[in-house]
Structures are given as C-alpha cells and as structure tokens.
Amino acid sequence: MQLIRGFHNLANHSVFQQGCALSIGNFDGVHLGHQNILARLNEKAKTLNFPSVVMVFEPQPREFFAKKSGNSTAKPPARLMRLRDKLKYLEKAGVDFVLCVRFSAQFAKLTANEFIEKLLVERLNVRYLSVGDDFHFGSDRSGNYQTLLNAGKTLGFEVEESHTHSFGRERISSSLIRDALSKDELTLAAKLLGKPYSIGGRVAHGNKLGRTIGFPTANIMLNRLVTPLQGVYAVKIETKCGIYNGIANVGNRPTINGTKPLLEVHILDFNRSIYGEAVEVSFLEKIRNEVKFPSFEALREQIEKDRQQAVEFFKEFTSLN
C-alpha cells in the first residue's frame, strides 16, 4: 500500500491515468463495517483492473469545524485511532493507495461541482466510487449521494452506496463503538471492531516514578489523541519480540498532578528495555476508574491490587481461549 499526501502528489503516480476505484470517509477504527466496504472496493477494483483508493482527511472534518468555531463546548468525538494506526489497518485490508487530504479552510470552500470535476474526475480519474448514502461534501455540505449519482451518469463513473452493516439490530459505526468504550463495554467494542480496541505508539521516557515503587512502566504519549476510555485495564502488549500481559492506565495521573494524557503500561514478568519501540496495547478488561490517591504509598498499594486482579483475569482469559 502507498500513502499519497495531498492531490498535488498524484502527478507522481501514472497509475491513475487509466482510472481508479475509490471510497471516501473517515474510516475511524477500520471496524467490521469498514472492512466489508473495503472488501467490496477491492473486489470492484480487481474486476475493473484499477487500483483501489481510500480518501481520508486530516484533520477530520468535524475536528476542523469544531476548532474553527472557537466554541469550547463543540468538541469533536474522540478518535478511535490515530492516522498511523488507521493506515496500518487499511493496508491489512488490502487497499492499494490511501490519499490523505489536508482538510483546510480553502478545501472546505470547494463547491460540490468543483470537488467532483476538478478532484474526482480530473485528478483521480475515478471510475467507481463507493460512499455512504449520508455522505455530504462541498461548501455548506451542498453535495450528497444523489449529486454524485447524477454526476456519474454525465461524467462516466459508477457510484455505489456503501451498504450499512449491522450487529444485531444496531448499525455498526464508529459512534456506536465510542459509546461502547465510554461505557466500558469492551467485549461489545471488540465484536464491532473485529478485534479488541487498541492504542499504538512509541515508548517514550517518562518521569520513571513507577520503577521506584516496583512497577516500571512503558509510557506512550497520547498528545492530541482524545481517547474514548479512561482508567486502569488488563491489557495485551504487542512488541517486536512478542505479546505480553500487563496492566495499563489511561489518563492524566492525578496523584502526581499530571496534566497531559498518557498511556502507562506495566508489563507483567518483563524486564527488557523497549524505549523507542513501537507497541500496540489492546484493552481487554476494565479494572477500575482513575482516581487521585492521598499519597504515593497508597497508589503503590492500589497498583499491587490492580496487578493481582490482572493476573487472575489472565488466568481465566487463558483458560477460555
């Protein structure tokens, strides 16, 4: 899979001169619904002998407009994954190209017709397009699925609705998964995602307070990522050397007056240095909420209880799997 950043870099890829099969969306979480859409996209691309392309936006449109409004209450939804992790799972789904478009004030001013004619047709030479029936685009969200259908008939490309996929009676969506995670329904979230919810990142140096009380942690900076969950969890940690059991805290660490969100992971029965390594942390079971303790010693005692609870969880988890 190849990543193309911006329409201006399409000129470096002659493969688009013949045409492409395209899907547009946020693809946040690359959940089971997305996976079905991508499978259909790849199937059409293969039939038509065109590359499969997914167009995503950074920042996501709702993030851009929330920031532009200046309204502190108009917060965009928490992301299920960062762009880096999204690209990883889009590649696993077999996509040929990901076109990452910077969503800016200038881009938002494009009319629906300009978006279709100048970008989809002239730049991408789209021959097959898959979007949801609730997809809107162009200034003032003036373009919709019907707009694309009409344009496709005139300009020579096929438009297909990316069908909704359901779990029980519920439509599988990123919003449904965020809601499940916010309620600590990790099993439901895993079923909708097709895997346990995870956060990836590189292990960074922290304040190393954990090792002073016997619980060294691998720290992953969350930076601007607003996570849909918070607290202490039993987790699996995937490193380049293997997969390990552990406990993780997602939050601001109120006991030491922390202010920046951080993912701290204590890996059970592990003593190797992994600073700088990329890891993926999968959340399996909620242990407790994050709370502020009256002392560092009280925190140490609670972490020991958390560790014991995680050990018991993994004993049962291993026997069931």
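Gly200 stands opposite Glu280, which belongs to strand E14. The names used here come from DSSP runs numbered from the N terminus: helices are H or I runs of at least four residues, and strands are E runs of at least two.

Before going further, a word on the model. It is a predicted one, in which local features need pLDDT of at least 70 and side-chain atom pairs count only at pLDDT 80 or more, while totals for chains, interfaces and linings use all residues. Residues are numbered from 1 along each chain as its sequence is written, and side-chain values use heavy atoms, leaving out hydrogens and water.

**The barrel**

Strand E9, covering residues 198–204, pairs with E14 in the antiparallel sense over 5 bridges. Two strands count as paired if DSSP finds at least two bridges between them. How many strands close into the barrel? There are 6, in the order E9-E10-E13-E12-E11-E14, with antiparallel pairing. Neighbouring strands of this sheet are turned by 40° against each other on average, direction ignored. Helix H3 packs on the sheet and touches E9 and E14, where contact means heavy atoms within 4.5 Å. The direction of H3 makes about 120° with that of E9. For such angles, axes are lines fitted to C-alpha atoms (for helices over the stretch in contact), and values run from 0 to 180 degrees between N-to-C directions.

**Helix H1**

H1 has 17 residues and reaches 24 Å from its first C-alpha to its last, close to the 24 Å expected at 1.5 Å a residue. That expected span is 1.5 Å times one less than the number of residues. Buried residues of H1 include Ile37, Leu38 and Leu41; buried means under 20% relative accessible area, exposed over 50%, and partly exposed in between, using a 1.4 Å probe and protein chains only. Among the elements covering the buried residues of H1 are E3, H3 and E6. After H1 comes Asn49, whose phi is positive, near 65°.

**Charged pairs**

Side chains of opposite charge can pair when their charged atoms come close. The structure holds 15 salt bridges, each a side-chain nitrogen of Lys or Arg within 4 Å of a carboxyl oxygen of Asp or Glu. Here are three of them.

| Pair | Closest N and O atoms |
|---|---|
| Glu160 and Arg40 | 2.8 Å |
| Glu58 and Arg79 | 2.9 Å |
| Glu277 and Lys240 | 3.9 Å |

Glu160 lies in strand E6 and Arg40 in helix H1, so this pair ties together parts that are 120 residues apart in sequence. Glu160 is buried at 17% relative accessibility, while Arg40 is partly exposed at 30%. Salt bridges that share partners join Arg40, Glu43 and Glu160 into one network.

Are Glu58 and Arg79 buried or exposed? Both are buried. As for Glu277, it counts as buried at 10% relative accessibility, whereas Lys240 is exposed at 68%.

**Cysteines**

A disulfide is a covalent bond between the sulfur atoms of two cysteines. How many disulfides does a search of the whole structure find? It finds 0, taking a disulfide as a pair of cysteine sulfur atoms within 2.5 Å. The closest cysteine sulfur to that of Cys20 is in Cys100, 16 Å away, which is too far for a bond. Cys20 is buried, with a relative accessible area of 0%, and Cys100 counts as buried at 6%.
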